Amino acid sequence: MQKKALVTGASKGIGRALCELLLANGFEVHGTSRDGRMKGLTNSQMFMYALDLSKVDIIEAFHKQLQTKGLPFDLVINNAGIGPDLNTFEPKADTLRSTLAVNVEGTILHTELVLPMIRKGGMLLNISSKMGSIASCVGTDSIAYRISKSALNMYGKILTNRHKEDIRIATIHPGWVRTEITADNIHARLSPEESASRIWSFMQQDFQSGTYWDAERGEGLPW
Ligand SMILES: NC(=O)c1ccc[n+]([C@@H]2O[C@H](COP(=O)([O-])OP(=O)(O)OC[C@H]3O[C@@H](n4cnc5c(N)ncnc54)[C@H](OP(=O)(O)O)[C@@H]3O)[C@@H](O)[C@H]2O)c1
């Protein structure tokens, strides 16, 4: 049977590259972006939806729409994320609020609604960052972003405990990737396609649920 995946933040960057890779591997892919569009890609197996993770009513409406499809997902990737305070040093009210709203609150509320749609033996990946690692943090920058990814890491741990019997869960650092998340990322080491391909290689492994994985270096990360 054709496998089905749900990827948030599918319009560009790493999420888009993941969708293209999943399509190339025969998946039916359900993707989201705030306006429900993914420019320049036409594929009969790609379905786009509008989802703004900072808006609780829109998360609920999206899930009502999804439920009518009666889909069991083999793979759910929580990829959407923002980093408005990346490379800055002063905490600001607006960036703290928006980052935590999207990367933590919205991602958790969305995940809680989608978990019952993941088939037994399915997989959930949280695209986090090594910047969320408390154990390895030596920086003083990007307070909202780092905290949001540490919180997402903890959520991944909790889900691993809760879903021992039915879903394999991993927390992924996609590498430093040339996307629009910050202006500086133009200098990043990996293309979105290279990052997606390393995440795909990880998915093919018989990984232990609860793994925190650096897809760029191909090794586990300290929490
Ligand atoms: N790039 C890196 O080096 C790097 C490193 C570590 C971790 N990451 C993580 O990788 C993930 C993808 O990042 P990226 O670099 O590919 O960033 P990106 O190119 O900026 O893409 C972000 C995606 O998230 C969506 N998005 C933005 N705001 C949203 C909201 N309020 N609600 C729902 N979706 C929203 C965007 O769609 P629309 O704007 O079309 O709505 C877009 O599809 C993020 O979680 C990021 O933290 C990236």
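Which polar side-chain atom lies 2.5 Å from an oxygen atom of the ligand? In this predicted model, in which local features require pLDDT of at least 70, side-chain atom pairs count only at pLDDT 80 or more, and totals for chains, interfaces and linings use all residues, that atom belongs to Thr179. Residues are numbered from 1 along each chain as its sequence is written, and side-chain values use heavy atoms, with hydrogens and water left out.

A polar backbone atom of Leu53 lies 2.8 Å from a nitrogen atom of the ligand, and a polar backbone atom of Asn79 is 2.8 Å from an oxygen atom of the ligand. The protein buries 93% of the 890 Å² that the ligand exposes when taken alone (Shrake-Rupley method, 1.4 Å probe).

The ligand is surrounded by 30 residues (a heavy atom within 4 Å); Ser11, Arg34, Tyr145, Val177 and Thr179 are the closest. This shell comprises 13 nonpolar, 12 polar and five charged residues, with Gly counted as polar. Helix 1 (13–24) and helix 4 (143–162) are the elements that contribute two or more residues to the shell (helices being DSSP runs of H or I with at least four residues, strands runs of E with at least two).

Nine salt bridges are present in the structure (a side-chain nitrogen of Lys or Arg within 4 Å of a carboxyl oxygen of Asp or Glu). In one of them, Glu180 pairs with Lys12, with the closest N and O atoms 3.4 Å apart. This pair links distant parts of the chain, 168 residues apart: Glu180 lies in the loop between strand 6 (167–173) and helix 5 (192–204), and Lys12 in the loop between strand 1 (4–7) and helix 1.

Note on methods: A polar contact is a pair of N or O atoms within 3.5 Å; within protein, one must be able to donate a hydrogen and the other to accept it, and residues adjacent in sequence count only if both atoms are side-chain atoms.
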